[in-house]
Amino acid sequence: MIIIGIETSCDDTSIAIIKNGKVLANVTSSSTRVHEQYGGIVPELAARKHCTNIDKVFQHAIKIAKIKPNDVDYVAYTSEPGLIGSLHVGKVFAKQLAALLGVKIIQVNHLLAHIFSYFLDHDIKNLKFPFLSVVVSGGHTFIAINYSVNKYRILNSSIDDACGETLDKIGRLLKLPYPGGISIDKIYNSKKVFDLIKHSTADKEFSFSGLKTAVSNLINNLRQKKKKIDTIGIASSSLKWIIDDLEIKIKYYLNKYPKTKMILFGGGVSANSLLRKTFTKWRNTKFLFPTMQYTNDNAAMVALWAFLLLKYRGKEC
Ligand code: KG4
Ligand code: ZN
């Protein structure tokens, strides 16, 4: 079964081709550099970049995968959530392609695609329900319990900023290169960590705006007093705070749902070194992280989710 996946929910134009769950091609063109100068993604520019890039990305993917139009069985595309203009470019492209090829179209939730991305290069025989998923991306932070490929319940999600967004904003306050999440990962130093603010209790929803405000106040204070800003210390303490917060909440839900078979991480922040180090230290719990090439937005995960949906349809626990 050959599936073409299309991902355009944010600033990455990505098209992948998978055969029976295995990646034949996964081509991504990112417009990050366009947004760099603004310190965050500009939706209109992202949509325009998708328009100019999508056909080139598609041609490239087809060439790598060496497939013919008749080989394709389905076209899958990210239908939600995301930037409306960006999503629209992917939708129009997917619909036209499916009509041209005479194949069915599958709508894919971007967050569910992130959750299963570990299985892009790991045996799907190891996929066991129910499991806990932790999505940590630029736009979302949540913990869910997954009963099947498309049946899940969100247990906790951020009431304000997402953790990736928070790291990006703190990075900007510290004048670090965009995106802040990657910069903070690079400069993290455990010896420089100090206390910033208290954590809420495990049963409370994720909230990262307090951390962002605390960092902003601290930096403004230091600037006013013309004191030195300890960039590495503030960056490291912020990252540690976020990882500690995730740890507190994951522990809580693991205790609450002891029958969970594993914990799957997904989303850009799952590439973070401290996050991986922290959770791989836990014993007796199976934490699974996507390989680095699949932590960020990519179309392979979109196509894979469609494949899993078809394969596991009706198999719930
Ligand atoms: O999943 P993603 O590519 O896009 C969304 O769906 O939002 O995630 C992007 C986010 C950005 O906030 C970026 O700063 C963060 O992931 N990120 C990281 C790392 N790599 C990407 N944050 C911390 N450490 C990293 N190594
Ligand atoms: Zn994403």
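Which of the 19 residues around ligand 1 come nearest? The views below take up that question first, in a predicted model.

**View 1. The residues around ligand 1 in the predicted model.** Gly 138, Asp 168, Asp 185, Gly 268 and Asn 272 come nearest, out of 19 residues around the ligand. By class, this shell holds 11 polar, 5 nonpolar and 3 charged residues.

**View 2. Polar side-chain atoms beside ligand 1.** Asn 272, one of the nearest residues, places a polar side-chain atom 3.0 Å from a nitrogen atom of ligand 1. Asn 296 has a side-chain N or O atom 3.1 Å from an oxygen atom of the ligand. For Asp 297, a polar side-chain atom lies 3.2 Å from an oxygen atom of ligand 1. On its own, ligand 1 has 550 Å² of accessible area, and the protein covers 89% of that.

**View 3. The largest pocket, with ligand 1 in place.** Ligand 1 takes up space that is the largest pocket of the model. The volume of this pocket is about 1,100 Å³. Its lining counts 39 residues. Cys 10, Asp 11, Ile 41, Gly 138 and Asp 168 lie nearest the pocket centre. Gly 138 and Asp 168 also belong to the residues that come nearest the ligand.

**View 4. Elements and residue classes in the pocket lining.** Strand S3 (22–30) supplies at least two lining residues, as do H4, H5 and H6. H5 gives the largest share, with 6 residues. The lining divides into 20 polar, 11 nonpolar and 8 charged residues.

**View 5. The loop between H5 and H6.** Two backbone features are found here. Lys 175 lies in this loop. Its phi is positive, about 60 degrees, although Lys 175 is not a glycine. Pro 179 is found in the loop between H5 and H6 as well. A cis peptide bond joins Pro 179 to Tyr 178, with omega of about -5 degrees. The helices on either side, H5 and H6, each supply at least two residues of the lining of the largest pocket.

**View 6. The cis peptide bond between Glu 80 and Pro 81.** Omega for this bond is about -25 degrees. Pro 81 sits in the loop between strand S4 (74–80) and helix H3 (84–101).

How values were computed. Residues numbered from 1 in each chain as written. Chains lettered and ligands numbered in written order. Predicted model: local features only at pLDDT ≥ 70, side-chain atom pairs only at ≥ 80, totals over all residues. Heavy atoms only, no water. Near = heavy atom within 4 Å. Polar contact = N/O pair within 3.5 Å; in protein donor to acceptor, adjacent residues only side chain to side chain. Areas by Shrake-Rupley, 256 points an atom, 1.4 Å probe, with all protein chains shown as cover. 1 Å grid on protein atoms, 1.4 Å probe; cavity = no way out; pocket = protein on both sides within 12 Å on 5 of 7 lines; lining within 4 Å. Sits in = over half its atoms within 2 Å of the grid points. Nonpolar A, V, L, I, M, F, W, Y, C, P; charged D, E, K, R; others polar. Points joined across faces, edges and corners; volume = space filled by probe spheres on them. Helix = DSSP H or I, 4+ residues; strand = E, 2+ residues; numbered from the N terminus.
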